[in-house]
Amino acid sequence: MVAVTFLLVSCLVAVCIAQPARPNPPETFFADVFVEIHDSDHPVFGRGFFAQDATLGHRVESGTFEDNTTLTGIALYDKGFEYIYRSAPGSSPSCQVRALNGTIPKYWGWVASATYEGTRPDPYIHATLNIWRYRPGAGFEFELGVGQTTPNVPVLSNLYQTSTDTLTYFNQFFAVTPNAGNFTVPSICLQ
C-alpha cells in the first residue's frame, strides 16, 4: 500500500511540475506595448508599438515616454540600414543612421535555447504566466512570459543587462503582417 501511495504521489508531482510546450511566437507581428526601463537612476515608463515583417526584413520599435520623448528604431535589412529617431520637447529631432549587414535576426530566436523557469503571478495583468529564460552570458538575460493556455502569444518580455532592465508588456499581440506605414523612415533620417 505504501509503495502504491508513493508511486501515485510521484506521478502527481511529475504532472504538476511538467514543462509546458516551448513558446513559438510568430516572427511577423504587430504589438501594442507598455515599456518600463529601470537603470541606476530611476524608472522610465512609455507606450508604443513593436512590429516586424520577417519576410521583408523590416523591424520597428517605437515608444513615447513620460517626458514626451519619442524614440523609434527602424531596421530595414532589405535596404541595409537602421535608423534611430529621437524627438524630445525643447530640442530638435535627431536621427542616427547605421549600416546593417545580412538578414533580419529572429526576434524570438533565443526562445529555442531558453529554460522553463516555472510560473509567476503578474500583478499588472492579474494572471499567472509561464516564464522562459535565456542567459547567453554574464550580465545579460532574456525572459519571456506567456499565458498558460496561449504559449505562442507573448505577454511580457524582460531584457536584463548589467546596469539596465527593460520590461515590455505586450498589451495586444497580433500575428499579422504589419502595415507598411509602420516602417516609414522619418524625413530627417534621409537627409
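Strands here are DSSP runs of E with at least two residues, numbered from the N terminus. His58 sits in one of them, strand S3 (residues 58-65). Keep in mind that this is a predicted model: local features need pLDDT of at least 70, side-chain atom pairs count only at pLDDT 80 or more, and totals for chains, interfaces and linings use all residues. Residues are numbered from 1 along each chain as its sequence is written, and side-chain values use heavy atoms, with hydrogens and water left out.

Let's start with His58. With 12% relative accessibility, His58 counts as buried (under 20% relative accessible area; exposed is over 50% and partly exposed in between, with a 1.4 Å probe and protein chains only).

Now for the aromatics. Searching the whole structure turns up 17 aromatic pairs (ring centres of Phe, Tyr or Trp, the last by its six-membered ring, within 6.5 Å; planes under 30 degrees apart are stacked, over 60 edge-to-face, the rest tilted). Two of the pairs look like this:

| Pair | Centre distance | Plane angle | Type |
|---|---|---|---|
| Phe34 and Phe45 | 6.1 Å | 20 degrees | stacked |
| Phe170 and Phe173 | 6.0 Å | 80 degrees | edge-to-face |

Phe34 in strand S1 and Phe45 in strand S2 are 11 residues apart, so this pair links distant parts of the chain. Phe34 is buried at 13% relative accessible area, while Phe45 is partly exposed at 27%. In the other pair, Phe170 is buried at 6% and Phe173 is buried at 13%. Phe170 and Phe173 also belong to one aromatic cluster with Phe29, Phe50, Tyr107 and Trp108.

How values were computed. Helix = DSSP H or I, 4+ residues; strand = E, 2+ residues; numbered from the N terminus.
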